[in-house]
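Subject: Structure handover and what was found in it

Hello,

Here is the structure I promised to pass on to you. Please open it beside this email and follow the residues as they come up.

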Amino acid sequence: MPAGHAPFALWNRSGNQLVRLLLASPLHSLVSGRLALITVTGRRTGREHTLPVAYKQDGARVSIPVMWPERKLWWRNLRGGAPVKLRLRGVDRTGQGQVQGEEDGELGVAVLLDPVG
């Protein structure tokens, strides 16, 4: 196990679950201005993975920074583009996710939201 991994793993197991429950609840407005839920489908397993992420929204474009990418796997499922689900401010949305900045170290995911309706 890499040095410093234990606190990260503990947060993923407990903190992320609490944030996920909060974002899916009627109390989401406490944190949903800056946190959202993203659901990504695993390319090999086909399983859906839902986790909380920080985001910034500019119209139909949502930017999600990927901090410590070497410790996370979910974003790799979006290389080359893939459909995602987002829960933004209590509303379920769909869109196309794409990894960006992998070459320059400013790794993030850009999601272009599908039109509503």
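Arg93 is buried (under 20% relative accessible area, where exposed is over 50% and partly exposed lies in between, with a 1.4 Å probe and protein chains only), yet Arg93 has no salt bridge, a term that stands for a side-chain nitrogen of Lys or Arg within 4 Å of a carboxyl oxygen of Asp or Glu. The nearest side chain of opposite charge belongs to Asp114, 7.5 Å away, where Lys and Arg count as positive and Asp and Glu as negative, while His and the chain ends are not counted. The backbone oxygen of Asp114, however, lies 2.8 Å from a polar atom of the Arg93 side chain. Arg93 sits in strand S6, residues 91-100, and, leaving aside neighbours within four places in sequence, Arg93 is in contact (heavy atoms within 4.5 Å) with Val84, Lys85, Leu86, Leu88, Leu113, Asp114, Pro115 and Val116.

Before going on, please note that this is a predicted model, in which local features need pLDDT of at least 70 and side-chain atom pairs count only at pLDDT 80 or more, whereas totals for chains, interfaces and linings use all residues. Residues are numbered from 1 along each chain as its sequence is written, and side-chain values use heavy atoms, with hydrogens and water left out.

Of the 117 residues in the protein, 37% are buried.

Which residues touch the most other members of the largest nonpolar core? They are Ile38, Ile64 and Trp74, in a core of 21 residues, where a nonpolar core means a set of buried Ala, Val, Leu, Ile, Met, Phe, Trp, Tyr and Cys residues joined through side-chain atoms within 4.5 Å. At least two residues of this core come from each of S1 (35-41), S2 (48-54), S4 (61-65), S5 (82-88) and S7 (108-113), and S5 gives the most, with four residues. In soluble globular proteins, nonpolar side chains tend to be buried together. Setting aside neighbours within four places in sequence, Trp74 is in contact with Ile38, Val40, Leu51, Val53, Ile64, Val66 and Val109. One of these, Leu51, is in strand S2 and is buried, with a relative accessible area of 15%.

Val62 in S4 is the bridge partner of Gln57, and in S7 the bridge partner of Val62 is Val111. S3 and S4 form a hairpin with two residues between them, and Gly59 in the turn has a positive phi of about 65°. The covered face of S4 holds Val62 and Ile64, while Arg61, Ser63 and Pro65 are on the uncovered one. In a regular strand the side chains alternate between the two faces of the sheet.

Two further residues have a backbone angle to check. Most residues other than glycine have a negative phi.

Finally, how many salt bridges does the structure hold? There are three. Glu48 forms a salt bridge with Lys85, with the closest N and O atoms 2.9 Å apart; because Glu48 lies in strand S2 and Lys85 in strand S5, the pair ties together parts that are 37 residues apart in sequence. The side chains of Arg79 and Glu102 meet in a salt bridge at 2.5 Å, N to O, and this pair links the loop between S4 and S5, where Arg79 lies, to the loop between S6 and S7, where Glu102 lies, 23 residues apart. Arg87 and Asp92 meet through their side chains in a salt bridge at 2.9 Å, N to O; Arg87 is partly exposed, with a relative accessible area of 21%, whereas Asp92 counts as exposed at 57% relative accessibility.

With best wishes

Terms used. Pairing = 2+ DSSP bridges. Polar contact = N/O pair within 3.5 Å; in protein donor to acceptor, adjacent residues only side chain to side chain.
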